[in-house]
Amino acid sequence: MKKKTLGVGIIGGGFVARFHIRSWAGVRDADILGIYDPDKKRAEEAVGIVRKLNAGAARIYNSITDMVTDPKIDAIWICAPNFARIEVMEEIVHALEAGKGPLTGVCCEKPLGRNVKEARRMLELARRAKLLDGYLENQVFAPAVVRGRAIIWTRGATLTGRPYLARASEEHSGPHMPWFWEGSLQGGGVLNDMMCHSVEVARFMLTPPGAPRTVLTPTKVTAYAACLKWQNPEYARILRDQSGGKTDYLKRPAEDFARSLIEYRDEKGNIVAVETTTSWCYVGAGLRLSMELLGPEYALQINSLDAGLKVFFSRKVKGRAGEDLVEKQNAEVGLMPVVADEENEYGYTGENRHMVKSFLKGLRPSENFRDGLNVTELLMAAYMSAERDKTLAFPPPGLANFVPAVAKGTWNPKRA
Ligand SMILES: NC(=O)c1ccc[n+]([C@@H]2O[C@H](COP(=O)([O-])OP(=O)(O)OC[C@H]3O[C@@H](n4cnc5c(N)ncnc54)[C@H](O)[C@@H]3O)[C@@H](O)[C@H]2O)c1
């Protein structure tokens with residue numbers, strides 16, 4: 001790729017697209033030139049934010065094919081919902097195969113697919129179209145993770161031995177849009193939606209900087225999933241009302257709490273473990289990301305709500321509900337943590353900087369669709385384990401075509 005500035009088009013102008021747009025203040029050599037969203041209002045709002053933040057001369061495209069056809073667009077960021085992954089990617093690739101415009105790269109938000117079959121299809125389509133592919137797992141670019149991992153490996157691991165346990169958790173009080181709550185549309189419940197972050201960031205911390213992911217081989221998966229809060233009638237009613245009557249957690253719940261324990265072997269055959277917890281029923285100040293990395297003589301810990309900045313509002317400050325202090329904020333009074341630079345601290349800025357730099361150099365990003373596929377394989381093995389209440393050797397037979405019961409609408413722990 002000879003260009004000095006990458007022209008970026010974003011597909012899907014919703015919640016996560018706004019994080020990407022805001023991160024552009026810290027991204028060089030790329031302009032956001034277009035948004036496509038079937039919801040025109042969403043597209044207009046997203047274009048307005050791009051222009052206000054001076055992130056590029058963005059305009060609205062009427063279709064994905066129009067976006068691919070425009071020679072100004074060099075790369076596409078897929079930020080559409082999970083249920084639209086395959087149709088979006090197929091349209092990109094069909095447009096390219098019809099000779100409509102060169103495209104260097106494509107990035108896709110997590111999870112890469114709702115199951116292994118879909119994730120594999122995404123990878124195959126990217127390969128077929130000879131696209132450089134980036135998997136948007138922001139947490140492996142979060143400054144605390146990158147810096148903490150580098151320090152642990154340089155100091156602790158070099159002198160006393162590799163880290164052997166990583167813990168990662170992501171918890172909040174539940175997603176912002178009804179489609180996330182529907183197993184069939186999203187692919188599962190919180191396990192699919194948020195454990196994708198935790199398994200990957202934990203695997204990343206346990207991998208020596210510069211080494212490929214193949215230094216760790218997953219060998220066993222044990223998982224547990226339950227619906228602890230949102231299947232209770234008063235909360236199921238809230239979901240029903242928010243979705244215009246569509247979401248029915250009394251009949252078709254998804255898990256709002258899940259854990260997994262993944263055993264890996266390193267290149268010397270040593271056991272290395274990953275422990276994850278994810279939840280849509282954590283009511284704290286807001287989104288809480290926590291990570292730990294433990295080795296023979298050291299430990300690392302990160303807690304995103306342990307913010308250096310806190311504000312206090314007395315009960316007389318009766319403001320409107322918002323997300324101005326932290327993502328998935330639950331309150332506006334009392335002592336509240338503020339994540340001052342969310343785009344940066346959660347890793348979006350580092351992620352987009354890396355994707356842009358890779359595409360401009362004609363290189364495959366370090367975090368790519370192969371990683372996205374590997375994450376989906378682990379998540380599906382976790383669903384299998386939770387459904388069977390058993391530890392499974394990895395990869396379990398049948399993984400390639402497995403669809404979790406929650407995605408089929410047949411999972412109901414209360415009924416069982
Ligand atoms: N990295 C993260 O931490 C993170 C956070 C939130 C969401 N996500 C991921 O980003 C994706 C989008 O999530 P969101 O929170 O922005 O959802 P959202 O519902 O807020 O926004 C999705 C947008 O996509 C549009 N859309 C719907 N169908 C489409 C189609 N066929 N083609 C193009 N656009 C379409 C919708 O109109 C909407 O504006 C999901 O895959 C989600 O898992 C990642």
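Me: In which loop is the place of proline 395?
Reply: This is a predicted model. In it, the peptide bond from phenylalanine 394 to proline 395 is cis, with omega near 0°. Most peptide bonds are trans. The place of proline 395 is the loop between β15 (392-393) and α14 (405-408).

Me: Which residue does a cis peptide bond join to proline 111, and what is omega there?
Reply: Proline 111 is found in the loop between β5 and α5. Its cis bond is with lysine 110, and omega is about -15°.

Me: Is lysine 328, with its positive phi, buried or exposed?
Reply: Lysine 328 is not a glycine, yet its phi is positive, about 60°. It is placed in the loop between β13 (309-313) and β14 (334-338).

Me: Is aspartate 389 buried or exposed?
Reply: Aspartate 389 lies in the loop between α13 and β15. Its phi is near 55°, a positive value in a residue other than glycine. The relative accessible area of aspartate 389 is 67%, and the cut-off for exposed is over 50%. Aspartate 389 is therefore exposed.

Me: Which residues have the most contacts inside the largest nonpolar core?
Reply: In soluble globular proteins, nonpolar side chains tend to be buried together. The largest nonpolar core here has 134 residues. Helix α9 (residues 190-206) gives the largest share of this core, 11 residues. The residues with the most contacts inside the core are Trp77, Met89 and Ile92.

Me: Which elements do the buried residues of α4 pack against?
Reply: Buried residues in α4 include Met89 and Ile92. Leaving out residues up to four places away in sequence, isoleucine 92 touches Ile11, Ile64, Val68, Ile76, Ile78, Leu103, Val106 and Leu131. The buried residues of α4 pack against β1 (6-11), α3 (64-69), β4, β5 (105-109), α5 (116-128) and α13 (369-388).

Me: How far apart are the end C-alpha atoms of α4?
Reply: The helix has 13 residues, and at 1.5 Å a residue it should span 18 Å. The distance between its end C-alpha atoms agrees with that: 18 Å.

Me: What is the angle between the planes of tryptophan 24 and tryptophan 77?
Reply: A pair of aromatic rings is described by the distance of the centres and the angle of the planes. The structure holds 12 aromatic pairs. Tryptophan 24, in the loop between α1 (15-23) and β2 (30-36), pairs with tryptophan 77 in strand β4 (residues 75-78), 53 residues apart. The centres are 5.9 Å apart, and the pair is edge-to-face, with an angle of 70°.

Me: How many residues apart in sequence are the parts that phenylalanine 83 and tryptophan 179 tie together?
Reply: These two form an edge-to-face pair, 5.8 Å centre to centre and 85° between the planes. Phenylalanine 83 is partly exposed at 34%, whereas tryptophan 179 counts as buried at 15%. Phenylalanine 83 lies in the loop between β4 and α4 (85-97) and tryptophan 179 in helix α7 (residues 178-181), so the parts tied together are apart in sequence by 96 residues.

Me: Over the ring of which residue does the charged end of arginine 149 sit?
Reply: Arginine 22 lies over the face of phenylalanine 19, at 4.7 Å from the ring centre. For arginine 149 the distance to the ring centre is 3.8 Å, and the ring is that of phenylalanine 204.

Me: Which residues is histidine 20 in contact with, leaving aside its neighbours within four places in sequence?
Reply: Histidine 20 lies in helix α1. Its relative accessible area is 0%, so it is buried. Its contacts beyond those neighbours are Trp77, Cys79, Glu109, Leu136, Tyr348, Glu351 and Asn352.

Me: How many disulfides does the structure hold?
Reply: A disulfide needs two cysteine sulfur atoms within 2.5 Å. The nearest cysteine sulfur to cysteine 107 is that of cysteine 108, 8.8 Å away. The sulfur of cysteine 108 is 8.2 Å from the closest one, in cysteine 79, which is too far for a bond. The number of disulfides in the structure is zero.

Key. Residues are numbered from 1 along each chain as its sequence is written. This is a predicted model: local features need pLDDT of at least 70, side-chain atom pairs count only at pLDDT 80 or more; totals for chains, interfaces and linings use all residues. Side-chain values use heavy atoms; hydrogens and water are left out. A nonpolar core is a set of buried Ala, Val, Leu, Ile, Met, Phe, Trp, Tyr and Cys residues joined through side-chain atoms within 4.5 Å. Buried means under 20% relative accessible area, exposed over 50%, partly exposed in between (1.4 Å probe, protein chains only). Helices (H or I, at least four residues) and strands (E, at least two) are DSSP runs, numbered from the N terminus. Contact means heavy atoms within 4.5 Å. Rings of Phe, Tyr and Trp (its six-membered ring) pair if their centres lie within 6.5 Å; planes under 30 degrees apart count as stacked, over 60 as edge-to-face and the rest as tilted. A charge sits over a ring if NZ of Lys or CZ of Arg is within 6 Å of the ring centre and within 35 degrees of the ring normal. The expected span of a helix is 1.5 Å times one less than its number of residues.
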